[in-house]
Protein chains: 2
Amino acid sequence: MIRLLRRLLIGRPLHNQEMAHEKLPKWKALAIFSSDALSSVAYGPEEIMKVLAIPGMLAYGYMGPVAIGILCLLAIITISYVQVARANPGGGGSYSVAINNLGELPALTAASALFADYTLTVAVSVSAGTAAITSAFPELLPYTVELDLAVIFIILTLVNLRGVRESSNVFVVPTYAFISGIIVLIAAGAYNAFTNPGVPVIPPESLAAQQLDWTVMFLALRAFANGCSSMTGVEAISNGVPMFKKPEVHNAAVTTYWMSGILGVMLLGISFLIMHFHLLPLEDITALSVVAENTFGRGVMFYYIDITTMLVLYLAANTAYNGLPPLLSILARDGYMPRYLASRGERLGFSNGIVLLSIFAAILIIIFKGDVEHLISLYAIGVFLSFTIAQSSLVVHWFRVKDPGWRSRALLNGFGAVVTALVVLIIGITKFMYGAWIVLLFIPIMIYILKAIKHHYNDMAEQLSLTSFNFAESFKAPKATNLVVVPIASPTRVVAETLRYAKSISDDIIALHVVTDEDAGKKIEDKWESWNPGIQLVTVYSPYRLVIQPVLDFISELEMQKCNYDYITVIIPEFETKKWWHRLLHNQTGWILRTLLILKENVIVTTIPYHLEK
Amino acid sequence: MIRLLRRLLIGRPLHNQEMAHEKLPKWKALAIFSSDALSSVAYGPEEIMKVLAIPGMLAYGYMGPVAIGILCLLAIITISYVQVARANPGGGGSYSVAINNLGELPALTAASALFADYTLTVAVSVSAGTAAITSAFPELLPYTVELDLAVIFIILTLVNLRGVRESSNVFVVPTYAFISGIIVLIAAGAYNAFTNPGVPVIPPESLAAQQLDWTVMFLALRAFANGCSSMTGVEAISNGVPMFKKPEVHNAAVTTYWMSGILGVMLLGISFLIMHFHLLPLEDITALSVVAENTFGRGVMFYYIDITTMLVLYLAANTAYNGLPPLLSILARDGYMPRYLASRGERLGFSNGIVLLSIFAAILIIIFKGDVEHLISLYAIGVFLSFTIAQSSLVVHWFRVKDPGWRSRALLNGFGAVVTALVVLIIGITKFMYGAWIVLLFIPIMIYILKAIKHHYNDMAEQLSLTSFNFAESFKAPKATNLVVVPIASPTRVVAETLRYAKSISDDIIALHVVTDEDAGKKIEDKWESWNPGIQLVTVYSPYRLVIQPVLDFISELEMQKCNYDYITVIIPEFETKKWWHRLLHNQTGWILRTLLILKENVIVTTIPYHLEK
């Protein structure tokens, strides 16, 4: 039953040889790798506006400069990441780059930041996608969190457990639909703005700006920090270089430029239209949706924009599923994460990592009640921290490699590292109270956990290693001796069978009987004598009517004496019933005893199943 | 930690010899056995009134006749139960009486009815006790269900798990305090009624009665059925005969008469006062509380009545804890209930039965939201069904025994049986739609369950019995042969140790290695050859990366061939980590494999624990 359901939902298992190694043309790669970055225009410009449109202050006018600042930062990061693609043609994110060039601590910092980053990508993109659709259909508003969770568990988790090919057109269509929609929106909006004689291109209230004192400066920097959320996902292409057609590095670089170009145009265009309409923050409706409504009216194009925005955002959430599970598997292979995150599931995806990511993102959405703004507060700092580490690693890399032109490359990445570090600082300070502290607290804790895991695996490897142990010698050692203890209840066929097995594995057997009633004990002893099975019977009287504790005590006692035996084996018969409810009719003494013995004592536990036939 | 908490809450374990066998004087026995019966005046008369005070109908006048009818019924049942005490000096309820005289089906019917009855006693008495206290302190009303559950789990369950002696004064004081309070209330109320010149003793509206047509008749019978709830608990003394001082039977009989006398006076008195004040049903305030308020005003005596009512009702709930767990233990000993209900816990109480009763009562209270009226609808039918069975059993008993005077005794019990059967019929018809159907449905289902349990135990006993099995022969049989399978992962010290144990228990060993990657498999095979442990290595390739399924398949295959071995033993090494969270770092393959093998296959599973030291 369960197996059938599983087959229906995630499909038949895939053979090792079915691993796909397809190469992507640029136009497809652009769509697949850039949905995360491009989709952030759905919330980025709005987040800038939200900070600057504080009532009672004249700060709206700083929107233009902040947007241009973001654009410059985008240019710097794009160039830096083209370098990353060059230095790292095998793919792999900032963790791989850092562990090769900077060492453990920066690598783990990057890993922790990426962990936060990917989880937030899912939470933010899903929430924003839902916000896009509830902007168009406000009747869905009360179900925001439910919709978010449905998308995460029913769509994203299942799709990724099935393991749809990354090259699938499912990923290509929404991205291009979204890009073209936004371009049309910007073109139409700009055309209206410049040709409508009665209305100013940018109304004076959108240009009003107080003089730059510390308060306004802080506000502008916070707006900038918020806007940096538009840049998440820029690194995706450089992580996926091996998937490009030859020449991989060149194609990846070209695609990066294209992506950044499109992103820049869209960012600037949306910011311009927000200023043109002088939008103010609205509860429950996204700014992008209002821009679309003001431009097109509530017609087909309006719904087209909201629906494609939703689709591309859900797609962006999906990119985290291509990012975190492989990262976790690399971390697991290096011993920083539980081993089982390293192995591929039935459908060749890293199933455990996929489920883990869904659970963490769902927790974030539930805690923050699906509110995009709160989540974005946490977002950008992790992203820029991992940018900084990647850039710094590359500086070290170029200094090591020293191939032609390494100086200018190192300079470029060095500049990128300084700028992104500065951004980390700006976000950390201006948004500390707004949630950055959570990430800044999370990263050291996560590093501690990663190290503790590694430590445990190292300890274990040491304890299990064969270096201090002579394998061949151990096989020459004399046959080990084994004392067998068989706890018995009443004299049934099961006892006879169990004793027969005990005799087959050892000559030293103790039958142990716990009595809660002295008379019953004597009866058993008499019966035992009449059977004469050639096995010693030990009777323990338990006046407090406990059964398990006396057995445990007896075995602990034996263990302490040890009596020259190499092993002590306890044999426990266990009934397996035909119908599930029959199980409720048997006390679970056997099962409890088995579990306690395995957990506590240093004895070997053997379970003999008796399958009842009716 | 858990053990300490347990000691604090339920005390140290008690020794078998600490079982109490105290004999009770009559005055103490009356208090202890009759709280259930006496406390029902807190709701009995009110339940009669509620049915008859239907707006638009003149039926209130039937309250007097109905109350007198109840009184007559009480007299008949009292005399019948004095007979039960005579016939059954060893104690034991209607189940024991029926299984000895009538056979399995009536006995199981009685057991099922008693099961429903005891559970309802807890639910009804606790709800009514809480209703008494919320009548005095209405601010507690919103917490009715919470209060009920707190009384059940914090007071009743714990007290009974501790096993306070039945003879404790805790049980004596509230009963007498309640009796004296109610007697004073009736006396004061009657004195006022008869001496107040302006007010009629019984106002005409309380005597208004329509002519007796079918509708009114049905209503009056339903009121009678409701009033029968006052008689629950009358059987308690006859079940506890062995606890009386000598001469036990005589003392028990005298005490029964006293109890019924007091109950009759209280029933009549409260019914009279309800009619005198012409009370109508009130939401959230009990009629007894209104009677007390009208008689004494809202002073000390008013609170005294409400508080002692609450106490005696909670005490009445407690009597079910003296009734159901021993009944369940008798049923368990007879094989109709899971065996573990038969054994006494640490404090000599039947702990499992106590917990079970609490859970069922709590479920009833939650379903019916602590509403007494709904619960009482279910109540009386079970009680009278078990009355009928007990009386009928006695008729059979007297016919068998034929001791002096048996004819008149049989006649008395026969009359009792007919009357109580008639009452069952009346309740079943008039209250069918009001909840009696639930009990009438429950009883056959419960009988089916009891029989199914017995059937399973019989089947099992047959499968395990030694009659078709020669014990002595089995010990003379040649030593059994044993094929050992050791699933191994990577070559560690653990594998070496495990193989050493395997060699100590058998000479026929297969090491089984599952590879998900062909190259890794070859490496292991080469290593194996260089070690040369003298054990055959079987490598199974699992291209779908499953590990557990191939092992299960391999073992099923072996089982089918069987190769002349008596047993197949699978040895599974299992890590026990030092810290709990380390467990999360190991995949649970060993544990899962062990569980699946025990559940599914007919092989013996041996677990070798490796306790990691750090």
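Here is a chat about a predicted model with a chain A and a chain B.

Visitor: Hi! Is this an experimental or a predicted model?

Guide: Hello! This one is a predicted model.

Visitor: Okay. How many residues of chain A are in contact with chain B?

Guide: There are 87 residues of chain A in contact with 87 residues of chain B. Between the two chains an area of about 7,700 Å² is buried, and carbon and sulfur atoms give 58% of that.

Visitor: Which three residues supply more of the area that chain A buries than any other three?

Guide: Those are A:Arg493, A:Arg500 and A:Arg545, which supply 9% of the area that chain A buries against chain B.

Visitor: How many salt bridges are found across that interface?

Guide: Two salt bridges are found between chain A and chain B. In one salt bridge, the side chain of A:Arg500 meets that of B:Asp566, with 3.9 Å from N to O. The interface also has seven residue pairs in polar contact.

Visitor: And which elements of chain A touch chain B there?

Guide: Elements giving two or more residues to that side include helix 18 (432–464), helix 19 (471–476), helix 23 (589–600) and strand 5 (604–611) of chain A. Helix 20 of chain A gives the most, with ten residues.

Visitor: Let's look into helix 20, then. Where is A:Ser504?

Guide: A:Ser504 sits in helix 20 of chain A, which covers residues 493–505.

Visitor: Buried or exposed, that A:Ser504?

Guide: A:Ser504 is buried, because its relative accessible area is 5%, and the cut-off for buried is under 20%.

Visitor: What is A:Ser504 in contact with?

Guide: Apart from neighbours within four places in sequence, A:Ser504 is in contact with B:Lys479, B:Ala480, B:Asn482, B:Ile505 and B:Tyr567.

Visitor: New topic: how many strands form the open sheet?

Guide: Ten strands form it, and their pairing is mixed. The order is 3(A)-2(A)-1(A)-4(A)-5(A)-5(B)-4(B)-1(B)-2(B)-3(B).

Visitor: Which are the edge strands?

Guide: Strand 3 (536–541) of chain A and strand 3 (536–541) of chain B are the edge strands, each pairing on one side only. From one strand to the next, the twist averages 25°.

Visitor: Which way do strand 1 and strand 2 of chain A run, parallel or antiparallel?

Guide: Strand 1 (residues 482–488) and strand 2 (residues 508–515) of chain A run parallel, and six bridges join them.

Visitor: What does A:Lys50 form a salt bridge with?

Guide: A:Lys50 forms one with A:Glu46, and their closest N and O atoms are 3.7 Å apart. Both residues lie in helix 3 of chain A, four residues apart, or about one turn of the helix.

Visitor: How exposed are A:Lys50 and A:Glu46?

Guide: A:Lys50 is partly exposed, with a relative accessible area of 21%, whereas A:Glu46 is buried at 8%.

Visitor: Last one: what about B:Arg298 and its salt bridge?

Guide: B:Arg298 pairs with B:Glu293, with the closest N and O atoms 3.4 Å apart. B:Arg298 is partly exposed at 43% relative accessible area, and B:Glu293 is partly exposed at 30%.

Methods: Residues numbered from 1 in each chain as written. Chains lettered and ligands numbered in written order. Predicted model: local features only at pLDDT ≥ 70, side-chain atom pairs only at ≥ 80, totals over all residues. Heavy atoms only, no water. Buried < 20%, exposed > 50% of the residue type's maximum accessible area, 1.4 Å probe, protein only. Contact = heavy atoms within 4.5 Å. Pairing = 2+ DSSP bridges. Axes fitted to C-alpha atoms, helices over the stretch in contact; angles between N-to-C directions. Buried area = accessible area lost by both parts, 1.4 Å probe. Salt bridge = Lys/Arg side-chain N within 4 Å of Asp/Glu carboxyl O. Polar contact = N/O pair within 3.5 Å; in protein donor to acceptor, adjacent residues only side chain to side chain.
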